[in-house]
Amino acid sequence: MSGGVLQRSGTRHTVWRFRNRTVRYRPGDALLALRARRGPVTRLRVGSRDVAFLLGPEANRFVFANSHLFRWREAFQSLVPVDGPTALIVSDGAEHRRRRRLVAPAMHHRQVARYVTTMAASADEAVADWRPGQVVDVYATFRRAVLRSTLESLFGRRLAADTAFFGDHLEVLLRLLDPLPQLNGPRERLATPLWRRATAAREVVDERIRNEIARVRGGIVDSDDHVLAALVNGVDEEGTALSDAEIRDQAVSLIAAGYETTSAAMAWAVYAMLSTSGVWDRARAEVLAECGEEPPTAAALKRLTFLGGVVHETLRLYPPAVLSARTAAVDLTVAGQPVRAGTTILFSPYVTHRMPGVWAEPLRFRPERWDPASPVHERPTTATYLPFAAGPHRCVGSVFATTELTVMLARLLTRTSLRLVPQWIQPTSFAAMRPRWGLRAVVCPGRG
Ligand code: HEM
């Protein structure tokens with residue numbers, strides 16, 4: 001049985017067979033078709049803006065090799081209402097370098113290894129109530145678990161105790177970004193109900209973070225205040241520290257950027273494992289052989305070769321950031337075509353990751369392609385595999401995200417056995433592609 005079978009039920013299409021079926025995101029597929037038709041550069045005029053799609057490995061190589069020719073602030077302006085005006089992704093030049101130097105240490109490999117226990121405990125807690133026969137929404141469950149784990153790992157138990165508070169308010173705030181973040185200007189001018197609800201949510205989240213900053217500044221520091229203490233006490237080479245407003249923006253953007261994307265990837269990983277023959281069983285056998293029933297240690301994670309391949313392969317086929325953006329700071333020539341200063345540049349991991357000729361059988365979910373010992377091993381470069389982009393703004397949370405995904409999948413494989421139920425799986429969002437209606441599965445008796 002291969003390929004998906006679609007069945008009409010009411011007004012919705014219901015997917016009832018998933019075996020070896022890679023889910024397609026229609027707008028992403030339209031860009032793939034554009035790449036096939038028009039090559040690496042397509043220029044458009046959208047309203048008063050010039051937009052250039054730079055698609056495929058050659059275009060990615062140009063984008064990553066020429067970071068000095070781009071600006072991020074204008075390209076990601078629509079994130080400001082959520083992330084704040086001083087967040088890394090909307091900072092350029094020296095300001096960006098300074099802020100990034102203060103944020104990055106908390107996200108390095110050695111530091112992330114210390115978060116593994118928290119990540120595993122959050123996954124265990126998420127599945128603790130699952131009972132055989134119950135239908136669960138894997139996406140919704142792990143969205144909360146990832147939020148909790150991110151809060152506790154980076155900001156300690158005090159903030160994690162308020163996971164529900166942050167979850168509820170951030171959900172309202174994140175609605176400004178999805179769909180149509182470019183409407184935030186008009187939303188603000190017209191003070192729409194969505195804008196007013198989001199601003200109110202932002203105010204209470206900010207107040208909660210401001211109280212935490214004041215506590216740490218007042219000398220009351222917990223042993224697990226990792227990131228907050230680093231942001232409050234860190235100084236750059238000139239001895240300048242971050243202001244309260246800058247700390248707020250870094251804290252909120254780490255939380256929001258971290259859980260939107262990682263929870264989406266978690267759902268796609270579970271979908272891919274359950275829908276591709278043999279993958280769940282093989283991954284589970286590996287986890288049991290390396291870790292037994294115990295949560296993985298940081299050292300054991302390195303030995304989970306197949307599960308690591310599952311994570312990379314998930315981020316290849318289902319990269320949460322379908323598109324990323326830059327603004328051209330000067331006039332450019334890309335693949336022989338002129339691109340004017342001020343043009344919004346859009347490049348796409350989704351397109352590159354699904355291009356025939358770049359990847360062998362690109363639509364096949366094949367974790368082995370990541371194993372150097374496998375005959376089907378493929379060697380990616382930043383031009384062909386870019387879920388976290390590359391260059392000075394490369395995702396600062398990439399190690400955190402891949403570690404969290406591996407740990408949470410390992411616990412899920414150890415603790416449960418799942419089967420997908422008939423449902424409509426529809427990807428949504430260019431910024432954090434996720435299954436719009438969740439991912440439902442029935443808990444099976446026995447484990448694994
Ligand atoms: C699977 C999960 C994730 C994906 C696919 C992802 C992807 C990305 C991408 C594509 C960028 C933009 C880079 C650019 O355009 O140059 C980015 C930036 C960023 N990400 Fe992630 N991300 C993920 C998880 C995380 C996590 C867990 C955190 C934090 C806990 C995080 C924090 C950030 C921040 C702060 C930036 C801005 C960095 C800068 O501008 O210097 N992300 N991410």
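Let's start with the strands: β4, residues 49-54, pairs with β10, residues 344-347, in the parallel sense over three bridges. Pairing here needs at least two DSSP bridges between two strands. Strands are DSSP runs of E with at least two residues, helices are runs of H or I with at least four, and both are numbered from the N terminus. Within that pair, F53 has L346 of β10 as its bridge partner. On to β7, residues 324-328: four bridges join β7 to β10, and the two run antiparallel. There, T327 is partnered with T344 of β10.

A quick note on the model: it is predicted, so to speak of local features we need pLDDT of at least 70, and side-chain atom pairs count only at pLDDT 80 or more, while totals for chains, interfaces and linings use all residues. Residues are numbered from 1 along each chain as its sequence is written.

Now, the core. The largest nonpolar core has 126 residues, and L54, A267, A269 and M408 have the most contacts inside it. Such a core is a set of buried Ala, Val, Leu, Ile, Met, Phe, Trp, Tyr and Cys residues joined through C-beta atoms within 7 Å; buried means 20 or more other C-beta atoms within 10 Å of a residue's own, with C-beta atoms placed from the backbone. Helix α13 gives the largest share of this core, 18 residues. And what does M408 touch, leaving out residues up to four places away in sequence? M119, A123, F142, A145 and M266, where contact means backbone-placed C-beta atoms within 7 Å.

Note on methods. A residue is buried if 20 or more other C-beta atoms lie within 10 Å of its own, exposed if 12 or fewer, and partly exposed in between; C-beta atoms are placed from the backbone. Two residues are in contact if their C-beta atoms, placed from the backbone, lie within 7 Å.
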